Amino acid sequence: GNIFRMRLRAGQRVAVMGDVSGSMNRGNQMQILRASFKEIYERAAKAGCVVELFRWNAWVEKCSVTPPWTWIDSLQPHGGNAMRYAIEEVLSQFPSATDVVIMCDGDTTPFTMKGGNANFRGRTKRPPHEEFEAPPDTENWPKFAEHYCSVSFHFVALGRASDSARMQRMALEGAGGTFCSAT
């Protein structure tokens, strides 16, 4: 089950990002992603939050239907991964977000905890196609999270095979973010 720990308050503005990259086709990760989207959406709406849902691989798509059940059920894994672009795109589409929930299998490409680019004044360009894979370990997550210091980043590790240790460290660097596993 999902042990989602984020404290929700009325008026909070929550962006929920679900990884639909090709690596999500292992085991029951898509089933877990769909269930997690539904649980977080229901809990956030019940708490009086403004909640927006997004799917991402190398590109981003915002859910434009309410309720979001058919959109969630239609999600399929495909494409590459460009997490920096995805987060920046989500924040450009939902600039008032106070919290970003990132649900994934642990592929946090292109972020690294040490080294890498530390200048985030300009946005990264949209990848040329959905199959694009951002180069690994090229962007410094602590500096990225610091650049977006008004946003709390929360991580949900999808499935038992996910790299939960990496996401846990990223949540700690993410302005008071939380971490949980969904299995």
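The largest nonpolar core here has 33 residues, and Ile87, Ile102, Trp141, Phe153 and Phe155 have the most contacts inside it. A nonpolar core is a set of buried Ala, Val, Leu, Ile, Met, Phe, Trp, Tyr and Cys residues joined through side-chain atoms within 4.5 Å. Buried means under 20% relative accessible area, exposed means over 50%, and partly exposed is in between (1.4 Å probe, protein chains only). Keep in mind that this is a predicted model: local features need pLDDT of at least 70, side-chain atom pairs count only at pLDDT 80 or more, and totals for chains, interfaces and linings use all residues. Residues are numbered from 1 along each chain as its sequence is written, and side-chain values use heavy atoms, with hydrogens and water left out.

**The cores**

- Two or more residues of the 33-residue core come from each of E1, E2, helix H3 (83-93), E4, helix H4 (141-147), E7 and H5. Helices (H or I, at least four residues) and strands (E, at least two) are DSSP runs, numbered from the N terminus.
- H3 gives the largest share of this core, six residues.
- Ile87 is in contact with Met17, Ile102, Phe111, Trp141, Phe144 and Phe153, leaving aside its neighbours within four places in sequence. Contact means heavy atoms within 4.5 Å.
- Another core, of 26 residues, lies apart from it and includes Val14, Met24, Phe37 and Cys63.

**The sheet**

- Six strands make an open sheet with mixed pairing, in the order E3-E2-E1-E4-E7-E8. Two strands pair if DSSP finds at least two bridges between them.
- At the edges sit strand E3 (60-62) and strand E8 (179-182), each pairing on one side only.
- On average, neighbouring strands of this sheet are turned by 25 degrees against each other, direction ignored. Axes are lines fitted to C-alpha atoms, for helices over the stretch in contact, and angles run from 0 to 180 degrees between N-to-C directions.

- E7 is largely enclosed by the rest of the structure, because seven of its seven residues are buried.
- Ser152, His154, Val156 and Leu158 point one way from E7, while Phe153, Phe155 and Ala157 point the other way.
- Strand E4 (residues 99-104) pairs with strand E7 (residues 152-158) in the parallel sense, over six bridges. Val100 has Phe153 as its bridge partner, and Val101 has His154.
- E7 also runs parallel to E8, with four bridges joining the two; here Ala157 stands opposite Ser181.

**Helices across the strands**

- Helix H1 (residues 29-46) lies across strand E1 (13-19), strand E2 (50-56), E4, E7 and E8, and runs at about 175 degrees to E1.
- Helix H5 (residues 164-173) lies across E4, E7 and E8, at about 170 degrees to E7.

**Around Phe111**

- Phe111 belongs to strand E5 (residues 111-112) and is buried, with a relative accessible area of 1%.
- Not counting residues up to four places away in sequence, Phe111 touches Met83, Arg84, Ile87, Asp137, Glu139, Asn140, Trp141, Phe144, Arg166 and Met170.
- Asp137, one of those contacts, lies in the loop between E5 and strand E6 (139-140). Asp137 is partly exposed at 47% relative accessible area, and its phi is near 55 degrees, a positive value in a residue other than glycine.

**A buried arginine**

- Arg55, in strand E2, is buried with a relative accessible area of 12%.
- Its side chain makes a polar contact with the side chain of Glu130 (3.2 Å). A polar contact is a pair of N or O atoms within 3.5 Å; within protein, one must be able to donate a hydrogen and the other to accept it, and residues adjacent in sequence count only if both atoms are side-chain atoms.
- Other contacts of Arg55, leaving aside neighbours within four places in sequence, include Gly18, Val20, Trp71 and His78.

**Cysteines and cis peptides**

- The structure holds zero disulfides (a disulfide is a pair of cysteine sulfur atoms within 2.5 Å).
- For Cys63, the nearest cysteine sulfur is that of Cys49, 16 Å away. Cys49 counts as buried at 10% relative accessibility, and Cys63 does at 9%.
- Thr66 to Pro67 is a cis peptide bond, with omega near -5 degrees; Pro67 lies in the loop between E3 and helix H2 (69-73).
- Another cis peptide bond joins Thr109 and Pro110, with omega about 20 degrees, and Pro110 is in the loop between E4 and E5.
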